[in-house]
Amino acid sequence: MALSALLVAPAVAAAPPAKAAAAPEVPCPKAEPPVPPPATPAPPPVDTAHRKVGGDALATAGLAIPQGVPMAPAVTATSWLVADLNNGEVLGGCAPHDRRTPASVQKLLLAAALIPRLDPAQVVEVKREDLADLDPASSLMGVVEGGRYSIESLWLGLLLKSGNDAANVLARVGGG
């Protein structure tokens with residue numbers, strides 16, 4: 001609920017008038033994810049010049065919110081930015097320029113390649129090999145071996161739940 005309050009707050013520019021120095025680094029509020037994410041390699045550091053995009057207030061690997069705004073809520077996201085959709089003003093951010101692994105790019109590529117080829121009404125049965133080699137800590141739709149699901153339901157599980165199990169079933173049905 002606190003996040004929605006932040007999203008509907010009046011637009012206040014996060015970037016103050018240009019200064020010579022970057023914003024002080026304030027740690028971002030964090031919430032522990034229900035399942036710890038797998039370890040990932042450290043990304044290369046962000047060039048100092050690239051941190052300046054959006055103004056000095058966003059030139060931080062920490063929290064960037066306007067003065068006088070209540071503390072941002074703790075979330076599991078490691079990097080984020082909230083902007084007013086009407087005028088583009090940045091309302092706040094956390095490590096807005098840090099490099100992160102793209103969120104499920106392969107799943108989006110799978111969808112782009114197979115949505116035109118698979119009938120959403122087709123019902124398929126989940127096979128044992130669809131569930132093999134899945135990291136139990138990864139995001140899953142929750143399909144079960146022997147279960148019968150429509151392609152449409154699997155797309156929803158892939159795109160809304162980021163289900164790796166749904167991705168495996170769709171990839172097999174789409175040709176392997």
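This is a predicted model: local features need pLDDT of at least 70, side-chain atom pairs count only at pLDDT 80 or more; totals for chains, interfaces and linings use all residues.
Let me begin with the overall layout. The protein chain has six helices and five strands, and if you follow the chain from the N terminus, the elements run α-α-β-β-β-α-β-α-β-α-α. Of its 176 residues, 30% count as buried, and the accessible surface comes to about 11,000 Å², with 61% of that belonging to carbon and sulfur atoms. If we take the contacts with a separation of 6 or more, 67% of them are between residues 24 or more positions apart.

Now to the cores. Which residues touch the most other members of the largest nonpolar core? That core has 16 residues, and the ones in question are Leu110, Leu118, Ile151, Leu154, Trp155, Leu158 and Leu170. The elements that give two or more residues to this core are α3, α5 and α6. To take one member in detail, Ile151 touches Leu118, Asp119, Pro120, Gln122, Val124, Leu170 and Val173, once residues up to four places away in sequence are set aside. There is also a second, separate core of eight residues, and among them are Cys28, Trp80, Val82 and Cys94.

Two of those names, Trp80 and Val82, bring us to strand β2, residues 80-83, where they make up the covered face, while Leu81 and Ala83 make up the uncovered one. In a regular strand the side chains alternate between the two faces of the sheet. Strand β2 pairs with strand β3, residues 90-94, in the antiparallel sense over four bridges, and Ala83 stands opposite Val90 in β3. The two strands form a hairpin with six residues between them, and in the turn Gly88 has a positive phi of about 80°.

Ile115, by contrast, is found in the loop between α3 and β4, and it counts as partly exposed because its relative accessibility is 43%, which lies between 20% and 50%.

Finally, how many salt bridges does the structure hold? There are two. In one of them, Asp130 pairs with Arg172, with the closest N and O atoms 2.7 Å apart. This pair links distant parts of the chain, Asp130 being in helix α4 and Arg172 in helix α6, 42 residues apart. Asp130 counts as buried because its relative accessibility is 3%, whereas Arg172, at 27%, counts as partly exposed.

In the other, Arg128 pairs with Glu145, and here the closest N and O atoms are 3.5 Å apart. This pair, too, links distant parts of the chain, since Arg128 is in helix α4 and Glu145 in the loop between α4 and β5, 17 residues apart. Arg128 counts as exposed, at 59% relative accessibility, and Glu145 as partly exposed, at 44%.

Note on methods: Residues are numbered from 1 along each chain as its sequence is written. Side-chain values use heavy atoms; hydrogens and water are left out. A salt bridge is a side-chain nitrogen of Lys or Arg within 4 Å of a carboxyl oxygen of Asp or Glu. Buried means under 20% relative accessible area, exposed over 50%, partly exposed in between (1.4 Å probe, protein chains only). A nonpolar core is a set of buried Ala, Val, Leu, Ile, Met, Phe, Trp, Tyr and Cys residues joined through side-chain atoms within 4.5 Å. Contact means heavy atoms within 4.5 Å. Two strands pair if DSSP finds at least two bridges between them. Accessible areas come from the Shrake-Rupley method with a 1.4 Å probe; for residues, only the protein chains shown count as cover.
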